[in-house]
Amino acid sequence: MQIEKLKQSFIPMSETMLYILMSLTIERHGYGIMIYVKEITNGRLVLGAGTLYQTLGKLEKGGLIRQTIENDRKKYYIISDIGKQLLIEEAKRISEINRNLEVIL
Amino acid sequence: MIKFLSSFFHPIPSDYEEWLENLALKGWHPKEINKWNSLVMGFEKKGPKKYRYVLDLQTSYNSDYIKVYEEFGWELCGRITNAFLWRMEYDEKRPESFTDVQTLRERNSRFFKAFSFSFLFQIIIEILITLFFIVNINTFDMSVLVEYLVVLILSYIYTIYLVAIMFKIRRKDW
């Protein structure tokens, strides 16, 4: 099954990939993704151009995101249905880790 | 100022970037970036600048590649064959293009693969020449024998150099 293969390839996700995928629940372009991720992490995570380009390439190749429009030479992306499924899977996994770590805190 | 064989003296991507940055701090900036820079690179004296240089090997890239970098404020200096040379002037914190370990490793892996390809090509040619040399050794006179040996030894030294670079990339930048 394709989703199982994708889970093996993409989960667990790096923090970078997770935040980029999360940011694409709304249609955005590269620089917009960087601004969004910087804002929601209070400036902790500032994505570089090379990192963003490479990660978008991997996500698009895997079918987790798709290109929507190309406006003024900027490519816009949005998460796909498969991407949403994997994002939910990853969110569940991280929530489980968070619950289990609360004992330590 | 002209620098020769810069890619041979600074083959590791991060070393090459630091070398250009140190020259920029002294006021030396590349005149033109092109495919011959591995062999010859001209520099012109201007004011000292704090530049962050980034070398990114891309054998295939889409139309978004250059746009993304430019949107982030990087200036394209040029291409050394398939390697894009970017730079950004900065004041305080040295900017990064590869902000996570995985994508940095992937960038370095592309250079590693390029060196591996050169190494494989080199070793195949050397094996063929060595076999030819061994098979025909009795047919050569002394002067030809010495020439062949010198060429072979230089060739094997270059192969060892390629292997050393590949190890250094894995150890330092992986």
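Modeller: Chain B and chain A bury about 1900 Å² between them, with 50% of it on carbon and sulfur atoms; buried area is the accessible area (1.4 Å probe) that two parts lose on being put together, summed over both. This is a predicted model, in which local features need pLDDT of at least 70, side-chain atom pairs count only at pLDDT 80 or more, and totals for chains, interfaces and linings use all residues. Residues are numbered from 1 along each chain as its sequence is written, chains are lettered from A and ligands numbered from 1 in the order in which they are written, and side-chain values use heavy atoms, without hydrogens and water.

Colleague: How many salt bridges does the rule find across the interface of chain B and chain A?

Modeller: The rule requires a side-chain nitrogen of Lys or Arg within 4 Å of a carboxyl oxygen of Asp or Glu. B:Glu71 and A:Lys74 meet in this way through their side chains, at 3.6 Å from N to O. Across the interface of chain B and chain A, the number of salt bridges found is two.

Colleague: Is B:Asp15 buried or exposed?

Modeller: B:Asp15 lies in helix H2 of chain B, residues 13–25, where helices are DSSP runs (H or I, at least four residues) numbered from the N terminus. Buried means under 20% relative accessible area and exposed over 50%, with partly exposed in between (1.4 Å probe, protein chains only). Because its relative accessible area is 16%, B:Asp15 is classed as buried.

Notes. Helices (H or I, at least four residues) and strands (E, at least two) are DSSP runs, numbered from the N terminus.
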